[in-house]
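Biologist: I have this model open and want a quick tour. Can we start with the terms and then go through the parts?

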Amino acid sequence: MSELSTAATSAPLRDSGTRTVRLEATNHEGCLLGKNVSSEKFAAGKDAGFAFADLLFGLDLGNVPVFGSAFPAWRGHLDDVYLRPDMSTLVEWRPGLDSVIGDYWLKDGTPVPICPRNLVRKMTERLAGNGFTATVAVEIEATVFEESIHEARARGYRDLTPLGGSAGTAYHLAKSKDWTDYMNAVAERLDEVGIEWEAWSDEDAAGQIELNLAPGDPVKVGDAWARTRQIMREVAYERGHTVTFMAKPTAGYGQASHLNLSLQHDGHNAFYAEDGPSATMLHAIGGLLATMEGNTSIVLPQITSYRRLVDLSGPPVTVSWGISNKTTAVRAVCGHPEYSRLEYRLPGADANLYLALAGVLAGVIAGIERKIDPPEQVTDMAWCLPPGLGVERIPDTITKAAAALDADPILRELLGDEFVDCWIASRKWEWMQFHTAGGDPFAELSEWESVRYFELP
């Protein structure tokens, strides 16, 4: 057990009249999984951990076992992994119910190598070995509809009414009161459970929201992301609405999860330099671009993720970077000792943030350790670039991206063969399910995708 985990599990259980404790963690797909245990059961098992079938890493979003996956090691029976709660995450979710986030461990006391939260910690520890700490922030995008979840299910999650009216212009304040009431209720719930947020506004599509979480430690921001999405769902259900984090819930605009990142070294922002990007920032950019094609598979995980990659529609489509250039995949913000940072603009709203952070941090680590220099920045629009300029296109299908990850030696080394092989197998399986179980590659958005992705992840 790591030092962090030992310290985390030594904290006492809150004394607040708790009857039930909800154990929480994500699978690869970003679904928040867990179980509810009595307070007595939790007190007795919080140090040893709680058994979960390892099949949680082997099921697709249709609850079908993923065959061909390298993990778990199928032996004709289901084995257990153990969720060890991180007691620093224990909060009162509502009267009588506490919730706690944990990591998955094997029987021999080693971390499950493909556990998303474990992978983020592994990367932060590697950064620390190089003398750096990371601060990250995430922009959560989601779309809220007037209909209840039951009405949405009855309609196959299609032809729904955006909450707040049809206006889709970003920063539009003339929304109907139901939209504002929803977001105010979300903000109140975030405050109640101690999740720091900075801002919220509407986004480009009708009914679409952007919610900015406060910067922090990568693991803690991942925890806040998982719980924020759960809160947004619960508030929507309570108010008779529904919310989705699907990459493209309609044939209109898609949804992203932009990541912002800075590094600190000896108490100073390592990305800052008076004359532009620091050497550390440039190496970080070099590593991010060198691993971007492989990381595409991780940050664009589903079939629908790739429907967003359309020139001039918002998402980046090229392996590119630029200073203050939001058409590139990596935007460098320079010139301020506190705010100099990188914005990684590729992830979709359907990405598992823990995995996205692990992949992004792996790219940064590689750039710093190997002193990878980036190509020339793109100073013009990075969309619609003609061929021959040396700027590659981002892989535009789930299988192309999986092949790029398979061929990426940097991500294999840093994230581990166990994770990479398991992830690639699951993406190939997703492609096969789409093409054999009702998906339509020629539709703007197939009914199969709506049913599979609207509620999960």
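Modeller: First, a definition for helix packing. Axes are lines fitted to C-alpha atoms, for helices over the stretch in contact, and angles run from 0 to 180 degrees between N-to-C directions. Helices (H or I, at least four residues) and strands (E, at least two) are DSSP runs, numbered from the N terminus. This is a predicted model: local features need pLDDT of at least 70, side-chain atom pairs count only at pLDDT 80 or more, and totals for chains, interfaces and linings use all residues. Residues are numbered from 1 along each chain as its sequence is written, and side-chain values use heavy atoms, with hydrogens and water left out.

Biologist: Good. At what angle do α10 and α12 cross?

Modeller: Roughly 165 degrees, with the axes coming within 9 Å. Helix α12 covers residues 417-436. That makes α10 roughly antiparallel to α12. The cut-offs: angles under 35 degrees count as roughly parallel, over 145 as roughly antiparallel, 65 to 115 as roughly perpendicular and the rest as oblique.

Biologist: Left-handed or right-handed crossing for α10 and α12?

Modeller: Left-handed. The term applies if the near helix is turned anticlockwise from the far one by less than a right angle; clockwise is right-handed.

Biologist: Which residues meet there, in α10 and α12?

Modeller: From α10, I398, T399, A402, L405 and D406. They meet V420, W423, I424, R427, E430 and W431 in α12. Contact means heavy atoms within 4.5 Å. By class, this contact of α10 with α12 has seven nonpolar, one polar and three charged residues. Ala, Val, Leu, Ile, Met, Phe, Trp, Tyr, Cys and Pro count as nonpolar, Asp, Glu, Lys and Arg as charged, and the others, Gly among them, as polar.

Biologist: Next, α3 and α9. How do their axes cross?

Modeller: At roughly 20 degrees, coming within 8 Å. Helix α3 is residues 116-129 and helix α9 is residues 353-370. The two are therefore roughly parallel to each other. α3 passes α9 in a left-handed crossing. On the α3 side, the contact is made by P116, R117, L119, V120, M123, T124, R126 and L127. On the α9 side are Y354, L355, L357, A358, L361, A362, I365 and E369. The contact of α3 with α9 divides into twelve nonpolar, one polar and three charged residues.

Biologist: And what is the angle between α7 and α9?

Modeller: About 120 degrees, with their axes 7 Å apart. α7 is residues 279-290. α7 and α9 are therefore oblique to each other. Their crossing is right-handed.

Biologist: Which α7 residues touch α9?

Modeller: T280, H283, A284, G287 and L288. They meet V360, G363, V364, G367 and I368 in α9. The residues of this contact of α7 with α9 divide into five nonpolar, five polar and no charged.

Biologist: Change of topic. How many helices and strands in the protein chain?

Modeller: 13 helices and 15 strands. The radius of gyration is 21 Å, close to the 23 Å that the globule rule gives for 457 residues, so the chain is as compact as a globular protein of that length. That radius is taken over C-alpha atoms, and the rule is 2.2 Å times the number of residues to the power 0.38. Buried residues make up 59% of the 457. Buried means under 20% relative accessible area, exposed over 50%, partly exposed in between (1.4 Å probe, protein chains only).

Biologist: How many residues of α8 are buried?

Modeller: Seven of its eight. They are M292, G294, N295, T296, S297, I298 and V299.

Biologist: What about E210: buried or exposed?

Modeller: Buried, at 12% relative accessibility. E210 lies in strand β9, residues 208-213. Leaving aside neighbours within four places in sequence, E210 is in contact with E139, I140, E141, A199, W200, S201 and E203.

Biologist: Which peptide bond is cis?

Modeller: The one from L456 to P457, with omega near 5 degrees. P457 is in the segment after α13.
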